[in-house]
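I opened this notebook to keep track of what I looked up, one entry at a time.

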Amino acid sequence: MKITARMGLLGCLMAGAMAAVKIGRKSRRISFKGLSVVITGGSRGLGLELARLFAGEGARLALVARDVEELERAGLELEAAGAEVHIYQCDVGNQEDVERTVQAIIGECGRVDVLINNAGIVQVAPFENFAVQDFKEAMDTHAWGALYMIRSIAPLMKRQGGGRIVNISSIGGLVAVPHLLPYSMSKFALTALSDGLRSELAKDGILVTTVAPGLMRTGSHIHALLKGQYQKEYAWFSISDANPLLSAHSRRAAKQIVNACRYGAPRLIITLPAALLHLLNANFSGLTTAATRLAARMLPSPVLGHSSPQTGLASGSWAAPSFLTRLADKASLHNNELPIKGH
């Protein structure tokens, strides 16, 4: 009888806890209609997919990116769909540039309700072919850039009584990936910043979500910067990125991120392979180490010296682009990744 009573009590406690979580989640739900949403890296790729979804829910958009032409094309597309859009050229890795841009956003939009730190850079090469500057550039974009944006916007959110911040990290910010070391190093830093801020900003009504996507078919593979045997590096990277068994459609990933923001979720891992990799690394790190060692041996070997980076678009070979990269290449066209001819 005692065992039965204890089991019953445990069941009641678990049911109560689940009900409390459900009620808490529902209480955090917000509507984006009329809210001011700032998206860095918002001119193309995942950022543009997010902008489309927020616009579809009636949000007012502020898109931040470095390329003016990409911003203008994205702005025209969204305005044609009926969205209110403001565009801002800004290098998020430059603190003064960020501060000026945020002041301009506040001047035009009046407030910031949601900040999406999405700006990104991907460099692919063996460790031997990376220069220290490559690591600095990745840190400037992913870690320092996010910090500059948050430091500029969080005080405003505090005065407003709250807000939402979403930091787009990566599974590479939870598990280090061979030939992507600057990316992993900077995304690990962003994950730590995001997770730490979640606790510290909660008192101000600011909910922080850390997003760790696996591979996504955003079309951004053509903007990857490659060194060493750059054609081979581009081939494995773009083929992996296009594989539907490994990667998520950019629209589906964006929907998950918008919903995580809507409910103020603490963390979101996108794609089953990414979630399994994180689980494996957390519980069986020896197996992960063995697997990544094997992967590193199979990837292209380094070349002598620190070569100049080549873009994915300039790194084609018989392997890529090909039918193996078709899905990712199609996403490049859809998500404003391809340059306009003549520019």
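**Entry 1: charged pairs**

I first looked up Glu-49, which forms a salt bridge with Arg-251, the closest N and O atoms being 3.7 Å apart; a salt bridge here is a side-chain nitrogen of Lys or Arg within 4 Å of a carboxyl oxygen of Asp or Glu. This pair links distant parts of the chain, with Glu-49 in helix H2 and Arg-251 in helix H8, 202 residues apart. Helices (H or I, at least four residues) and strands (E, at least two) are DSSP runs, numbered from the N terminus.

I noted that the model is predicted, that local features need pLDDT of at least 70 and side-chain atom pairs count only at pLDDT 80 or more, while totals for chains, interfaces and linings use all residues. Residues are numbered from 1 along each chain as its sequence is written, and side-chain values use heavy atoms, with hydrogens and water left out.

Glu-49 is buried, with a relative accessible area of 0%, whereas Arg-251 is partly exposed at 31%; buried means under 20% relative accessible area, exposed over 50%, and partly exposed in between (1.4 Å probe, protein chains only). Glu-49 also meets the side chain of Arg-52 in a salt bridge (3.1 Å, N to O), and these two, being 3 residues apart in helix H2, are separated by about one helical turn.

I then looked up Arg-111, which forms a salt bridge with Asp-113 at 2.8 Å between the closest N and O atoms. Arg-111 counts as partly exposed at 33% relative accessibility, and Asp-113 as buried at 7%. Salt bridges that share partners join Glu-49, Arg-52, Glu-77 and Arg-251 into one network.

**Entry 2: the inside**

Which residues touch the most other members of the largest nonpolar core? Of its 36 residues, I found that these are Leu-50, Phe-54, Leu-61, Leu-63, Leu-78, Ile-116 and Ile-257; such a core is a set of buried Ala, Val, Leu, Ile, Met, Phe, Trp, Tyr and Cys residues joined through side-chain atoms within 4.5 Å. The largest share of this core, 7 residues, comes from H2. Apart from it lies another core, of 25 residues, among them Val-38, Cys-90, Ala-154 and Leu-201.

**Entry 3: one buried serine**

I ended with Ser-238, found in helix H7 (residues 230–242) and buried, with a relative accessible area of 0%. Leaving aside neighbours within four places in sequence, Ser-238 is in contact (heavy atoms within 4.5 Å) with His-221, Ala-320 and Thr-325.
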